[in-house]
Amino acid sequence: MSDCVTHSSNSQTHSIVRVLLVDDDVSVLDISKEILFDMGKFDIDCASSVDEAFLKIKDKKYSVIVSDYEMPQKNGLTFLKELKEQKIKIPFILFTGKGREEVIINALNLGVDYYINKQGSPESVYGELVYGINLLAERKKVEVELEQKRQILEHVTANVNVGLSLIDKNYNIVWTNRVMENIVGPATGKICYSTFNTLNQVCPDCGVKKIFDGSNFDVHQFQGFNKNGDPYWLDLVATAIKDDQGKTTAALEMSINITEHKKTALKIQQQNKVLMGVNKIFKEALSTNSEAELGRLCLSVAEEITESKFGFIGEIKPNGFEDIALSNPGWTACQVIDAGGHRRQPGIHTIHGVYGRVLSDGKSLLTNDPSSHPDSIGLPGGHPPLSCFLGVPLKFDGKTIGMVGLGNREGGYSKTEQQMLEELAPAIVEALMRKRAEDDLRLSEEKYQVSFNASMDALMLVNENGFFDCNKATLSLFGIKTVEEFIKYSPAKLSPPKQPDGSSSKHSSLEHIRKAFETGEDRFFWVHKRLDGAQFLADVLLTRLRMKEKTVLQATVRDVTIEKEAQDRLKETEEMYRTLLNDANVLIQSIDAHGKFLFVNDKWKNALYYTEDDLVTLNVVDIIKENNRSDFKTILKKVYLGKSISDFETVLVTKTGQEIIVNGKVCPLIKNGTVISIFGFFVDITDRKKAEVALNESMNTLIFINEKLNVVGSLTRHDVRNKLSIVSAVSYLLKKQYPTDPKIVDAINKIEKAVAGSVEIFDFAKMYEQMGVEKLKYIDVNETLFEAFSLFPDFGFELVNGCGGLFLLADSFLRQLFYNFIDNTCKYGQKATTIKVTFKKDVHATLKLIYEDDGVGISLKNKGYLFKQGFSTGNSSGFGLFLTKKMMDVYGWSIAEAGKPGAGVKFVITIPKFNKNGKPNYKITK
């Protein structure tokens, strides 16, 4: 906690400005408090950290906060940001040091009320601080008084349980209370009839018009739509507001909400109409002969309940939007042009326009001015005029599949018609889906019969009594002439007495049939026998089906004799490849879909020490180090989907617990679109990784040492800066106390000069330390130049900025470069009034960036020393241009001064087209 306590320089505390000073240096707080008391009347509290400041703000109200920037834990900008986030509205002054231009820019972006540079003579610094405190305190006082008056007025109008509006003779809404805003939204400044009733002309029976026509009082009922588009009903009472001469200046309209009563009656009527429509659709749907006929029925119901003149129902298809039903009025005359230039009746449409918005958003759309809608694309030739439009999406399983579109309701559409159509839409979808399901079932049975007869595989149908049908491929496979002859055989009679495993063909066939009826499917290999006695190996699939309300089995039989021979040849090939893999000089493994090992080569066994017996129980995850298993499983998932993964690292664990770091590649073996196994190839990189770890440790040590140096430098500069500011403040007080003693004044002037020189050295050290640390990026030169120029508001130079469209590969030091140039003009330009910055390219694509002023320029004898460390004409530290030269070296640029003495300076920066890494040094966009 700070030792600085609350003090007041005047007993009349109600007129004193309450100030909270925040600085981590108690000495700075003490000297600042003493000087402020000397200059003005303030009630001052002090805090040495941001957290302590928030505790004081919680207990006491302040007129102004004055905060340092650099503080431990939380700096001044963090303090300002947290005040904004917590909506604490106390005027904020940032009291920061010289050379912190980026801090000032960030503070302005965060909304700081005032900023003051604490470097300089205490008299001017604290004089400006006192001015800023009084200015912000007075502004805050006025804001508080206005807010109190506004709250009183708002409280009175908000607690009147009716809507109030003041309307002038031109029907402009001058004011509304909160109750009215809740109905129609913010309305002040809008036209009453367009806001309350969405009309383009004065409302019929308008009470405001009657008031300005001479009436003093009017009462009538009104229906409108609120800001959400929902209808509302009001009893309106209009009263004349008159001036001292009795002239009507405004109409006060009082709105009494009777919406709930009206809504209840309309809701009952609306629900009855929708229920009658739903009943009609489901009742008459049974008698429709086609989907189009059902669509017309649904459309007629939708038109009837919404009182629409015409409409359409359609659905989304891959090639566009297809009509299911269209109203007749007007559509017979409507023709559009197809891609070939021929006229055609509407059928398939591109999804666009107003109706396209309904389909793309999946939301209802209502507009009573379709031609002005943002999505309107006009109407095709012959289309009936469209005065209003209502579109509602049709959804199935949460997905938009089509829509109902209606048009030309007399008086336009409202949320009521939209809600009614939205309630009807599910019934339309259900009716269409039922009709479609019936048609699909009939069609699927027809398609099954076609595919059954055309199949190249032998297909036969089985019920509890045996075969009852088969296709032509079955007759060909078994050498039987007709279906009637085939169904006389049982599965056992078309097989040898026993199967290769010794089981009875009769008993086994009955068991397979029983299993398929119970589980839905059974697949197995079976030896069949043709009518001529020849035997063949078959792949048999039994599948349970529902056919004409009965459960049957479809048997699919495929001769796989040739495939069996091919498998035997494949096994021989696999043996050959197994030999090659064993001789490879990398670790190779193969696993199945469950991670069980199918194969490992000799190199793998020798490296991991596992035996063939171990592999029986091992899973591939078991040989992966536990910390790496999650990543390895993720890789396997991708490979199981058919993707090869290369160049990844993982850690294998041997049988003895030794860890081996490997670089690997895994790839799938795919057959018939299915991954049947995964191959992995691994190279031992353990020794290489150990070397990399040692190198990284060395680099981390260097980084840590560099970070410590940066932290020590930053802390040292901050603390010494604070001490120097105390020296400056004490010097100021001593000069005021002993203004007539020349020895003391001279000694103090020397102290102040030494302090100023020390501050400049610290500024140079900080910037030099940061040089080359930032990552280079393309910076807008035009914008950066304006930022640097804005930091010199009091010098009144004219800036000619010719750098529009130029971007340089640099860092934040580019702004410091311009700052240094402008600072030199301010200090040494003497007669300078204009600064000009331009650029040009030469024939070799080298860029010249040129800074000029119209000051006194640089003498010939000084030109050779400009960029040397410590060179100065007596008014500076000599670090500015030296730092500029170092910046040029980091960027790989060069700089020279080409001005004529007496005619201003001219700094020419030469920038090559590419930097040392081959990246362009600049971009020009104009």
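Is Tyr171 buried or exposed? At 16% relative accessibility, Tyr171 counts as buried, where buried means under 20% relative accessible area, exposed over 50% and partly exposed in between (1.4 Å probe, protein chains only). The model is predicted, and local features need pLDDT of at least 70, side-chain atom pairs count only at pLDDT 80 or more, and totals for chains, interfaces and linings use all residues. Residues are numbered from 1 along each chain as its sequence is written, and side-chain values use heavy atoms, with hydrogens and water left out.

**View A. Tyr171 in a loop between two strands.** The loop that holds Tyr171 runs between β7 (163-167) and β8 (173-176); strands (E, at least two residues) and helices (H or I, at least four) are DSSP runs, numbered from the N terminus. Tyr171 is not a glycine, yet its phi is positive, about 65°.

**View B. Asn408 in the loop between β19 and α12.** Asn408 lies between β19 (399-407) and α12 (415-454). Its phi is positive, about 60°, although Asn408 is not a glycine. Asn408 counts as buried, with 14% relative accessibility.

**View C. Glu464 in the loop between β20 and β21.** Glu464 is exposed, at a relative accessible area of 64%. From Glu464 to Phe517 the C-alpha to C-alpha distance is 9.4 Å, while 53 residues separate the two in sequence.

**View D. A nonpolar surface patch of Val730, Leu734 and Tyr738.** Together these residues have about 220 Å² of accessible area, a value from the Shrake-Rupley method with a 1.4 Å probe, in which only the protein chains shown count as cover for residues. Val730 belongs to helix α20 (residues 686-737) and is partly exposed, with a relative accessible area of 36%.

**View E. The buried face of helix α22.** In α22 (residues 781-789), the buried residues are Val781, Thr784, Leu785, Ala788 and Phe789. Seen down the helix axis, they fall within an arc of 135°, so they line one face of α22; the arc is that of the directions from the helix axis to the C-beta atoms. Their cover includes β30 (777-780), β31 (798-801), β32 (806-810), α23 (813-828) and β33 (834-841).

Methods: Patch = residues over 30% accessible without salt bridge, like charges linked within 9 Å, V, L, I, M, F, W, Y side chains within 5 Å. Salt bridge = Lys/Arg side-chain N within 4 Å of Asp/Glu carboxyl O. Contact = heavy atoms within 4.5 Å.
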